[in-house]
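Trainee: Before we go through the terms, may I see the structure?
Mentor: Here it is.

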Amino acid sequence: MTVKERYEAVLGYFEAAMPQVTTELTYSSEFQLLVAVVLSAQCTDKRVNMVTPALFEAYPTPEAMAKATEDDLLRYVGSVSYPNSKARHLCQLSAMLVDEFGGKVPQTMDELTRLPGVGRKTANVMLAVAFGKSAIAVDTHVFRVSNRIGLASGKTPLDVEMALTKNIPAEKRADAHHWILLHGRYVCKAQRPDCLNCGISRWCKSYGKL
């Protein structure tokens, strides 16, 4: 099977099986999505969704959060991973949004990654989910699944992002991020992949080897 054939088969399956996909994070504005994605680094969406309702009620906008101290935010985000650094980043990025971007979340990779706590993965999530742009965010699930099934053979998230971007049509990239992520979260798990109930096992390079 060629790489092109594998991509066509896998994407075709996902498109039929999961026609409507989006992030599982809960939010009501671009700013709130940004905060949720920053909090989700090395943390489950389920846990983030448990802390953000109270956080967003207290600090719904960049202007409101920019006035908070790290200790203020830590009261709300203390149960997520790396809470101290995330509280600090949220204070700093909120201030930068107010001071440099008029309280608006920027819409370019360069501007987004200037924000404290925002790396390439988080920026790509914002570009795809918040702004509908052709972008693929590579988190741990996307990195693992893409390498495991044979869509990429990258040693770094950027390697995998470049491979996926090269082989996935622009109009499908945002959805493809969610397809692969959700497949990794619920089927192609890190420790015990559910190969017997996997809809793409026939095209997987690792099937029978895990």
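Predicted model: local features only at pLDDT ≥ 70, side-chain atom pairs only at ≥ 80, totals over all residues.

Mentor: Residues are numbered from 1 along each chain as its sequence is written, and side-chain values use heavy atoms, with hydrogens and water left out.

Trainee: Why is the pair Asp45 and Arg185 called a salt bridge?
Mentor: A salt bridge is a side-chain nitrogen of Lys or Arg within 4 Å of a carboxyl oxygen of Asp or Glu. For Asp45 and Arg185 the N to O distance is 3.2 Å, so the pair meets the definition. The whole structure holds 5 salt bridges by this search.

Trainee: Which parts of the chain does the pair Asp45 and Arg185 tie together?
Mentor: Asp45 belongs to helix 3 (residues 45–58) and Arg185 to helix 11 (residues 173–186), so the pair ties together parts that are 140 residues apart in sequence. Helices here are DSSP runs of H or I with at least four residues, numbered from the N terminus.

Trainee: What makes Asp45 buried?
Mentor: Buried means under 20% relative accessible area, exposed over 50%, and partly exposed in between, with a 1.4 Å probe and protein chains only. Asp45 has 12%, so the term buried applies.

Trainee: What makes Glu161 and Arg120 a salt bridge?
Mentor: The N to O distance between these side chains is 2.7 Å, so the pair qualifies. Glu161 is in helix 10 (residues 157–167) and Arg120 in helix 8, and the pair links distant parts of the chain, 41 residues apart. Glu161 is buried at 7% relative accessibility, whereas Arg120 is partly exposed at 37%.

Trainee: Why is helix 5 called oblique to helix 6?
Mentor: Two packed helices are described by the angle between their axes and the distance between the axes. Helix 5 (residues 70–77) and helix 6 pack at about 125 degrees, with their axes 9 Å apart. Axes are lines fitted to C-alpha atoms, for helices over the stretch in contact, and angles run from 0 to 180 degrees between N-to-C directions. Angles under 35 degrees count as roughly parallel, over 145 as roughly antiparallel, 65 to 115 as roughly perpendicular and the rest as oblique, which makes helix 5 oblique to helix 6.

Trainee: Which residues make the contact of helix 5 with helix 6?
Mentor: Contact means heavy atoms within 4.5 Å. Helix 5 contributes Glu70, Leu73, Leu74 and Val77, and helix 6 contributes Pro83, Asn84, Ala87, Arg88, Leu90 and Cys91. They divide into 7 nonpolar, 1 polar and 2 charged. In this scheme Ala, Val, Leu, Ile, Met, Phe, Trp, Tyr, Cys and Pro count as nonpolar, Asp, Glu, Lys and Arg as charged, and the others, Gly among them, as polar.

Trainee: How do the residues between helix 3 and helix 5 divide?
Mentor: The axes of these helices come within 8 Å and cross at roughly 145 degrees. Val51, Ala54, Leu55 and Ala58 of helix 3 meet Leu73, Tyr76 and Val77 of helix 5. That contact has 7 nonpolar residues, no polar and no charged.

Trainee: How do you know whether Leu33 is buried or exposed?
Mentor: Leu33, in helix 2 (residues 30–39), has a relative accessible area of 0%, so Leu33 is buried. Leaving aside neighbours within four places in sequence, Leu33 is in contact with Thr23, Tyr27, Met126, Val129 and Ala130.

Trainee: What is noted about the phi of Gln42?
Mentor: Most residues other than glycine have a negative phi. Gln42 has a phi near 55 degrees, a positive value in a residue other than glycine. Gln42 lies in the loop between helix 2 and helix 3 and counts as exposed at 64% relative accessibility.

Terms used. Helix = DSSP H or I, 4+ residues; strand = E, 2+ residues; numbered from the N terminus.
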